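Colleague: Could you walk me through this one while I have it open? I would like to start with the sheet and then move on to other parts.

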Amino acid sequence: MAGSASVVLLLDLVREIAGMSVGNDGGSVFRKEYTDLVRRVSLLTHFLEEIRDFKGESTPLDASTSCSPSSSGSWCSDLLVSLQNAKLLSFVASSFEPANSSDEGKEIASQFQCVTLKLHNALAKIPYDQFDISEEVQEQVVLVRAQLQRAIERHDSINSRMNLATLTQSTDNDINQVSKGNRLTRSWHIENSGSGSVKEVTESLETVSGSNSSKSCIVDQAISNSNEVDDSRKDNPAKTSLEDLKKSDAVAIPDDFLCPISLELMRDPVIVATGQTYERSYIQRWIDSGNTTCPKTQQKLEHLTLTPNYVLRSLISQWCEKHKIQQPTGLANGRLKKSDGSFRDVTGDMVAIQALVRKLSSRSIEERRAAVSEIRSLSKRSTDNRILIAEAGAIPVLINLLTAEDVSIQENAVTSILNLSIYENNKGLIMLAGAIPSIVQVLRAGSVEAKENAAATLFSLSLADENKIIIGASGAIPALVELLQNGSTRGKKDAATALFNLCIYQGNKGRAVRSGIVTALLKMLTDSANGMVDEALTIFSVLASNQEAKAAIVKASTIPVLIDLLRTGQPRSKENAGAILLSLCKRDPENLSCISRLGAVIPLTELAKSGTERAKRKATSLLEHLRKLQQL
């Protein structure tokens, strides 16, 4: 039908955009905007695949929710238009040459803002409740919408702070020039690859933006221009300290980089419940003083969780690097500022550590071997060493060494990262440096020791909730399941610990099931000699709340094994077996009948009398469900 055809068209567009790449030279100016847009669009692939395959009794691909492009006001046509323009903009941006005029660059930047807004609005119109979308995919769409919303809010925040007089002066001429004709058509050199002429590209982009959106986007660009660097400072190779920066008007720190409380450049930005970002130490001190409102908006904080703002931290880092400014650091004169605003004395030979870090990049393989071995040893000894090694800039270099062909270097590098991750603040630095893909590669193809420590590192990093999502989406789970099945004894235990922690996040449970975790866990339950029965039961107890996992557990004939453990297992095993059976049987008469036929009543009755407190509660609840079933 026409609707289904349009979903296929949407899917083709998303895949085409996801497959685009920035050239080595062209597009470097807009590399971040370009890659962000491509990455966000590519996350919609699974969502559109599920809509395409949806077969409900009353399919939403007709009538009022028609997916035909000609259907006025339909969600599908809006999404189609926004994706078409995202594709065109991506093509234009990837072909832009830095040598072109700054005016052209400004207009491309403005169009990125407009396309972001259009894409966000199109996703907001989709009738999600009419499709049978899996929880994992729903979370991906929520993630995309949140990312787009934050991008829009960043532009709005800048816009709201611009002086009104400057706003008027900065935009009138630009708007007039755009109304006379888009300047981009005069000098973009785009090879025709079936995407239309340059004129068609720019006209299409203007159509999607509309006159009001174009004005808003140009305004945003005019605001960003007020923060440009004086060219004379770019030529100075020496880095400027923040104190020098405050005394000079040469470089204006973007307002978004300043903590609203301290008005200082942020080092560890975190997001509170209202969506506002603060420097961790200052907002933590605010909360610890008994305050439950957002300092900036005065709204009540629904929760007090502080979520690391990795994107902003990365932008601050890039900005400091671009303008040759020393980044803010928590370490000064041997003292580290903690999250509560207090200080901790840090002891150690920073000069020696910096020399070691430099040797990590030596051309001599012997020097690299010796340096990474020493870093591993130092990072194991104390928290102070972990702080100093990270402050010396070792983390990105160690991540590069994860792909080294030398087995010893790779083993020591991944173990060093594991040791460094024990210190909480280093977790964010490791994630920010993009370590996960390389760690997963070590997990797949490294030596026995390297695989073990790669799994342990993923567990350590996954202790932060936001990292569970990133690690789960990285391909780590299939590699961990493989290690769980075929690794060394220690490797299996490290994999089990990491998988348990990752599967706390709902979206990772389906990934684990599809990776074959149920078969691996069942084998662990039936092989008591491996000593991992408790680990298997603990992971099963987390998985059993997920419908896909629940179906796979039952299909694998796990219920008889669990009932046998109720009879013969250790107290902890009996407790977990009872909890899993309860999860499997809740609101499921078929599974209840199954455990009744298999003789679960007697061991459950015994457990309700003499088990642990938790085991008694689970067994009593399950017996009550069985009693109600018999009364039907």
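Modeller: Two strands pair if DSSP finds at least two bridges between them, and helices (H or I, at least four residues) and strands (E, at least two) are DSSP runs numbered from the N terminus. This is a predicted model, in which local features need pLDDT of at least 70 and side-chain atom pairs count only at pLDDT 80 or more, while totals for chains, interfaces and linings use all residues. Residues are numbered from 1 along each chain as its sequence is written, and side-chain values use heavy atoms, with hydrogens and water left out.

Colleague: OK, what is the order of the three strands in the open sheet?

Modeller: The order is S2-S1-S3, and the pairing is antiparallel. Strand S2 (277-279) and strand S3 (307-308) are the edge strands, each pairing on one side only. S1 and S3 are joined by two bridges, and Val270 stands opposite Pro308 in S3.

Colleague: And which helix packs on the sheet?

Modeller: Helix H12 (residues 280-288) does, touching S1, S2 and S3, and its direction makes about 95 degrees with that of S2 (axes are lines fitted to C-alpha atoms, for helices over the stretch in contact, and angles run from 0 to 180 degrees between N-to-C directions).

Colleague: Switching topic, how many aromatic pairs does a search of the whole structure find?

Modeller: The search finds one, where rings of Phe, Tyr and Trp (its six-membered ring) pair if their centres lie within 6.5 Å, and planes under 30 degrees apart count as stacked, over 60 as edge-to-face and the rest as tilted. Phe257 and Trp319 form an edge-to-face pair, at 5.9 Å centre to centre and with 75 degrees between the planes. Phe257 lies in the loop between helix H11 (242-247) and strand S1 (269-271) and Trp319 in helix H13 (residues 310-322), so the pair ties together parts that are 62 residues apart in sequence.

Colleague: Is Phe257 buried or exposed?

Modeller: Phe257 counts as buried, at 9% relative accessibility, given that buried means under 20% relative accessible area, exposed over 50% and partly exposed in between (1.4 Å probe, protein chains only). Trp319 is buried too, with a relative accessible area of 9%.

Colleague: Next, where is Ser421, and what is it in contact with?

Modeller: Ser421 is in helix H18 and is buried, with a relative accessible area of 0%. Leaving aside neighbours within four places in sequence, Ser421 is in contact (heavy atoms within 4.5 Å) with Lys427, Ile430, Ser460 and Leu461.

Colleague: Last one, what is the mean pLDDT of the chain?

Modeller: The mean is 75, with 73% of the residues reaching 70 or more, on a scale of the predictor's confidence in each residue from 0 to 100.
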